[in-house]
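The following account leads the reader through the structure shown below, beginning with the contact between its chains and then turning to the sheet of each.

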Amino acid sequence: MKALVKIMPKNGVLDPQGKAIENSLNQLGFSQVGNVRQGKIIEIEINSNNEQEAKKIIEEASNKLLANLVIEDYEISFLKED
Amino acid sequence: MNISVIVFPGSNCDRDIALSLKKFSNKDPLMVWHQDHSLPESDLIVLPGGFSYGDYLRCGSMAANSPIMKEVVKSANNGSTVIGICNGFQILTESGLLPGTLIQNQGLSFICKNTPLKVENDSSFFTHNYKKDDVINIPIAHNEGNYYASDDVVKDIEDNELVAFRYCDQDGEINNKTNPNGSIKNIAGILNKNGNVLGMMPHPERAADSIIGLNDGEKFFTSIIESLQ
């Protein structure tokens with residue numbers, strides 16, 4: 001199955017890229033948008049049929065490498081097979 | 001005296017730091033490849049600047065998980081002396097040897113310039129030849145040098161006098177205007193609690209020879225070499 005790890009800067013952590021995107025959007029006339037945050041999504045193929053077991057493995061991978069818990073939070077979801 | 005410089009794919013200050021260490025110690029450091037699983041017996045381990053693994057994912061994150069870093073962490077926890085400069089500092093925070101992390105510069109640009117630093121700690125293994133409040137000029141060259149840690153971690157660092165250097169101006173003023181990258185409390189370099197690990201964004205190896213116009217980094221190297229003797 002395929003896992004998606006969504007990684008976002010924690011609330012309160014400065015996000016210079018999000019801020020730059022927000023400024024650009026405002027300059028383009030999108031005056032109603034604000035609080036833009038930029039994160040990343042990592043797609044991972046995992047050899048398992050058990051979602052619970054897969055989640056545990058992806059959690060470990062996220063804690064060890066994919067996310068830096070000092071500045072980032074993550075969420076794991078699974079994509080349905082086509 | 002054995003000094004090991006760890007070389008990652010993308011390190012680009014490894015030879016500069018080796019040259020500076022040789023100049024002050026009269027001994028060639030050992031260059032150790034990131035894929036090695038054992039570390040030569042070392043009195044000092046150096047993680048050099050550069051763009052290890054292309055800065056993929058987060059600066060220093062891949063390098064922190066390379067085979068040699070397991071040995072470096074083990075060795076540091078047993079009391080070996082470790083220095084991380086620039087990308088090396090990022091690797092030290094990613095590997096958990098130093099608290100906090102380094103995020104993108106507040107102004108979003110890569111900054112490459114000589115920067116005044118205030119010496120905050122003049123009793124460490126690495127800085128004892130400076131005097132507290134000395135203002136020294138050392139180059140920085142980074143895109144992710146914005147030191148960040150939670151409030152309680154920053155308080156812990158300050159309470160234990162673990163800040164080695166702060167960004168300032170030529171008069172030693174420390175404020176937002178003299179902060180090049182947005183680092184919390186203008187922090188440019190920190191020590192761990194045991195005093196055997198130092199991480200810093202500025203490059204003393206680029207300021208250790210008057211032939212290139214800057215020698216304020218010399219006392220950094222003489223401090224270290226004297227401590228090792």
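The contact draws 13 residues from chain B and 9 residues from chain A, residues being in contact if their C-beta atoms, placed from the backbone, lie within 7 Å. On the side of chain B that touches chain A there are 4 nonpolar, 7 polar and 2 charged residues; Ala, Val, Leu, Ile, Met, Phe, Trp, Tyr, Cys and Pro count as nonpolar, Asp, Glu, Lys and Arg as charged, and the others, Gly among them, as polar. The model is predicted: local features need pLDDT of at least 70 and side-chain atom pairs count only at pLDDT 80 or more, whereas totals for chains, interfaces and linings use all residues. Residues are numbered from 1 along each chain as its sequence is written, while chains are lettered from A and ligands numbered from 1 in the order in which they are written.

In chain A, 3 strands form an open antiparallel sheet in the order E2-E1-E3. Helices (H or I, at least four residues) and strands (E, at least two) are DSSP runs, numbered from the N terminus, and two strands pair if DSSP finds at least two bridges between them. Strands E2 (40-45) and E3 (72-79) of chain A each have a single partner strand, so one side of each is left without a neighbour in the sheet. Strand E1 (residues 2-9) of chain A pairs with E3(A) over 8 bridges in the antiparallel sense, and A:Ile7 stands opposite A:Tyr74 in E3(A).

In chain B, an open sheet of 9 strands runs in the order E2-E1-E3-E4-E11-E10-E9-E6-E7, with mixed pairing. Its edge strands are E2 (30-33) and E7 (135-142) of chain B.

Conventions
Contact = placed C-beta atoms within 7 Å.
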